[in-house]
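Please look over the sequence and the model below before reading on, and keep the residue numbering at hand.

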Amino acid sequence: MVFPESRVVPALLAIVLVAGGILTACGRVAEPLTASASTESALPPPVVAPAIQPIVANGVVAPGSHVDLRMSMSGIVDEVLVREGDIVRAGDPLLRLDTDELDLRIDRARAGLAAAQADYELVMSTAAPADIQRAQAELARAQARLREVSGAVTPQARAAAQARLDAARAVLARLEAGPNSAEVRALQAEVRQAEAELQTTRNRLALEKTTLQLQMEQAANVLRDRQIEYARIRDENQARVEPLTAEHRTREVSARLAMENAEKALEQARMAYETAMQTERTVLTAAEARVDAARARLERALAAPDHDQIAFARAAVAQAEDDLARLQGEQRAGAIEAARAEVAIAEAELERLLAGIRPAEAAVAQARVEEARVALEEAELARERAILRAPIAGVVAALNVKPGEFVDPTLIAVRLADGRTWRIETTNLSEMSVTRLREGDPAIIRLNALPDLEIPGKVSSIRPVGAGREDDVTIYTVVITPDRLDERLRWNMTALVQITPGR
């Protein structure tokens with residue numbers, strides 16, 4: 001049970017006053033008993049210093065230190081490597097963001113570094129005949145490309161590009177416009193027709209199956225009658241003493257044939273009924289499939305296009321516009337300029353190979369290598385920033401992220417607590433009591449959750465600013481450090497502290 005400090009202290013003072021009154025009354029009662037004693041032998045009563053009243057307050061358990069950790073970059077959580085309550089060491093990874101894009105940046109940076117190093121080695125090496133031939137071939141290719149883009153564009157090519165653009169725009173317009181009302185009505189009618197045909201087929205097949213079932217039952221009744229008739233005639237003939245006449249034998253044979261014909265009729269009726277049941281299942285399955293297909297087409301027509309479909313259609317329009325622009329206007333002029341630039345680069349490369357090593361080119365190539373190396377280091381550093389590591393050793397006190405969630409630097413992702421030290425912070429110590437306390441005053445700590453535990457401690461700090469007000473009284477926070485620890489202590493456990501002020 002938590003006792004408010006503002007109630008505990010007055011109660012203790014009242015107990016002290018009552019005890020003092022009782023002692024005074026006892027002294028007065030004892031006066032007549034000692035009156036007969038000699039006053040010469042009476043000694044003055046000893047001076048007793050007033051007892052120091054302890055201060056009692058509520059508090060909570062807190063770690064000696066803790067740190068709130070945030071990601072230094074935004075992203076999607078790919079993996080959470082710890083759980084609440086885990087003990088971690090400084091430098092241990094706690095969670096990792098999705099690094100697919102960062103890995104690609106590293107791959108590109110590595111490729112750029114390799115290319116820069118290759119260029120530098122190429123600049124620093126003397127040109128081999130094969131290199132000169134390759135440069136000459138590259139120049140020829142660039143010149144052919146310039147001739148190609150400089151040639152006339154046929155009307156058929158422009159018409160084809162325009163047709164592709166018109167088709168892409170039509171698809172995009174249809175997606176953005178949503179469902180077509182006429183198409184929806186037609187599909188709704190198709191669904192109703194399929195449902196009606198299904199119900200008609202179900203009723204017809206059920207009637208046929210019922211009719212065949214009645215025929216099978218009638219055939220069974222006829223067979224039963226024929227069996228009874230044959231058994232009666234056979235028993236009568238067997239019971240006769242005189243020889244059987246031809247008429248008697250004919251009646252028995254006719255009865256047996258009638259019974260066998262009835263058996264065949266029953267078997268035929270049963271086969272017809274089973275065939276009808278199989279037909280019903282097959283036909284109904286096909287009819288239900290037609291209904292499902294019609295409903296699916298209606299649902300697709302009613303469904304709004306998703307973001308990916310519209311984005312894909314817009315990309316197709318942009319691509320078609322770009323293809324058309326390349327065949328006419330400024331885009332075509334730009335393509336010609338790009339082809340001319342490729343020719344110039346190829347000519348310069350061939351000239352460089354024929355001229356040998358130049359100091360200025362070597363310096364530029366070296367600078368590009370250093371630039372590529374820095375880009376790789378930046379990419380690797382960015383990937384390292386996607387991993388949140390523990391700056392201190394401690395316990396994972398709170399974990400506020402899950403895999404698949406988006407996080408940014410404003411979110412406290414993990415809270416680490418240093419569980420090697422604990423402190424108790426008071427929550428209801430009034431301004432009347434805090435003035436009696438000093439750092440180093442002894443204290444006794446009792447925990448509500450552990451009534452059998454009593455820990456000695458000392459006042460380690462008194463915060464100079466009030467933490468709030470309660471019943472028009474300012475509340476201050478005093479921190480008590482336990483002299484010893486207990487493994488059962490947990491963050492935010494409630495405690496009752498009894499502090500003895502120094503004289």
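Residues are numbered from 1 along each chain as its sequence is written, and side-chain values use heavy atoms, with hydrogens and water left out.

The predictor's confidence in each residue, from 0 to 100, is given as pLDDT; the chain averages 81, and 83% of the residues score at least 70. Over residues 1-41, however, the pLDDT is below 50, and this stretch has 26 contacts in the model beyond near neighbours in sequence, a contact being heavy atoms within 4.5 Å. Where pLDDT is low, the predicted coordinates should not be read in detail.

We turn now to the barrel. Helices (H or I, at least four residues) and strands (E, at least two) are DSSP runs numbered from the N terminus, and two strands pair if DSSP finds at least two bridges between them. On these terms, a closed barrel of 6 strands runs β1-β10-β16-β13-β12-β17, with antiparallel pairing. Its neighbouring strands are turned by 40° against each other on average, direction ignored, where the axes are lines fitted to C-alpha atoms, for helices over the stretch in contact, and angles run from 0 to 180 degrees between N-to-C directions.

Which residues have the most contacts inside the largest nonpolar core? They are Ile445, Leu447 and Ile480, in a core of 22 residues, where a nonpolar core is a set of buried Ala, Val, Leu, Ile, Met, Phe, Trp, Tyr and Cys residues joined through side-chain atoms within 4.5 Å. Buried means under 20% relative accessible area, exposed over 50%, and partly exposed in between, with a 1.4 Å probe and protein chains only. At least two residues of this core come from each of β1 (55-63), β10 (422-426), β12 (442-447), β13 (450-462), β16 (478-482) and β17 (494-499), and β13 gives the most, with 4 residues. Leucine 447 touches Val61, Leu453, Leu489, Thr494 and Ala495, if residues up to four places away in sequence are not counted. A second, separate core has 21 residues, including Val82, Val88, Leu95 and Leu97.

Isoleucine 424, placed in strand β10, is buried, with a relative accessible area of 2%. Leaving aside residues up to four places away in sequence, isoleucine 424 touches Gly59, Val60, Val61, Ile445, Val478, Val479, Ile480, Ala495 and Val497. Isoleucine 424 and tryptophan 491 are 67 residues apart in sequence but 9.8 Å apart in space, C-alpha to C-alpha.

Strand β15 (residues 473-476) is joined to β11 by 2 bridges, and serine 430 has isoleucine 475 in β15 as its bridge partner.

The loop between β14 and β15 holds aspartate 471 and aspartate 472. Most residues other than glycine have a negative phi, whereas aspartate 471 has a positive phi of about 55° and aspartate 472 has a positive value near 60°. Aspartate 471 is exposed, with a relative accessible area of 67%, and aspartate 472 also counts as exposed, at 68% relative accessibility.

Finally, helix α2 (residues 100-124) has 25 residues, which at 1.5 Å a residue should span 36 Å, and its end C-alpha atoms are 36 Å apart, in agreement; the expected span is 1.5 Å times one less than the number of residues. The buried residues of α2 are Leu102, Ile106, Ala109, Leu113, Ala116 and Val123.

Technical notes
This is a predicted model: local features need pLDDT of at least 70, side-chain atom pairs count only at pLDDT 80 or more; totals for chains, interfaces and linings use all residues.
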